[in-house]
Amino acid sequence: MVLKIVSPAWVHKSDWGGVRLNVTSEDELRQAHGYLAAQFHRRTPGGRLQGILVQKQVQGVELLMGLKRDPQFGPVLVAGAGGIYTEVLRDVARALAPVTPDQAAKMLQALKIFPILQGFRGQAGVDLPALAAALVNLSRLAVDYPEIRELDLNPVVAAPQGCWCVDGRIVLGEVI
């Protein structure tokens, strides 16, 4: 399992030590929960801890998916290399929403990490149709809910048997 701090004060949880990986027993779960709660209160005096999320731990290639509403162009969809190296790699593709499955696939093909997604040096490729479907659905969400100003899913973990969003952030605002 994975445990994560839930608080608007800690958007980048891993930077603050707000994530515990590889929790495999009830005793480890209790210890990790206590550690994270204490860490939050120590590092964020007066901060509001909304909770500690427990998730299944998944393995795979980390991507980001998101959208941002541009005042002139409307919702802009983004996909790229994700996880903690997002800002370093700066490997992203953009498209105006909504996108078709073919357009979503082309966004993925435009990434520098696409050979890794296909499978590289004996490693299995990821479920590319599932990633494309996630992008299509995200683009529909942007069109159907104009109050979404920004939405970041990072990381989205892709594996041969599917993909899972394991963290996200959404910003709502007035419809423009």
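Reader: How many nonpolar, polar and charged residues are in the lining of the largest pocket?
Author: The model is a predicted one. In it, the largest pocket has a volume of about 1,500 Å³. By class, its lining has 13 charged, 14 polar and 22 nonpolar residues.

Reader: Which of the 49 residues that line the largest pocket are the closest to its centre?
Author: One of them, Pro-155, has its place in strand E7, residues 148–159. The residues closest to the centre of the largest pocket are His-12, Gly-83, Asn-154, Pro-155 and Asp-167.

Reader: What is the omega of the peptide bond from Asn-154 to Pro-155?
Author: Asn-154 and Pro-155 are among the residues closest to the centre of the largest pocket. The peptide bond from Asn-154 to Pro-155 is cis, and its omega is near 5°.

Reader: Where is Pro-98, which a cis peptide bond joins to Ala-97?
Author: For the bond between Ala-97 and Pro-98, omega is about 5°. Pro-98 has its place in the loop between strand E6 (92–96) and H4.

Reader: Why is H4 roughly perpendicular to H6?
Author: Helix H4 covers residues 101–109 and helix H6 residues 128–144, and their axes are 8 Å apart. Angles of 65 to 115 degrees count as roughly perpendicular. H4 is roughly perpendicular to H6 because the two pack at an angle of about 115°.

Reader: How many residues of the contact of H4 with H6 are nonpolar?
Author: H4 contributes Pro-101, Ala-104, Ala-105 and Leu-108, and H6 contributes Leu-128, Leu-131, Ala-132, Leu-135 and Val-136. No polar and no charged residues take part, and the number of nonpolar ones is 9.

Notes: Residues numbered from 1 in each chain as written. Predicted model: local features only at pLDDT ≥ 70, side-chain atom pairs only at ≥ 80, totals over all residues. Heavy atoms only, no water. Axes fitted to C-alpha atoms, helices over the stretch in contact; angles between N-to-C directions. Helix = DSSP H or I, 4+ residues; strand = E, 2+ residues; numbered from the N terminus. Parallel < 35°, antiparallel > 145°, perpendicular 65-115°, else oblique. Contact = heavy atoms within 4.5 Å. Nonpolar A, V, L, I, M, F, W, Y, C, P; charged D, E, K, R; others polar. 1 Å grid on protein atoms, 1.4 Å probe; cavity = no way out; pocket = protein on both sides within 12 Å on 5 of 7 lines; lining within 4 Å. Points joined across faces, edges and corners; volume = space filled by probe spheres on them.
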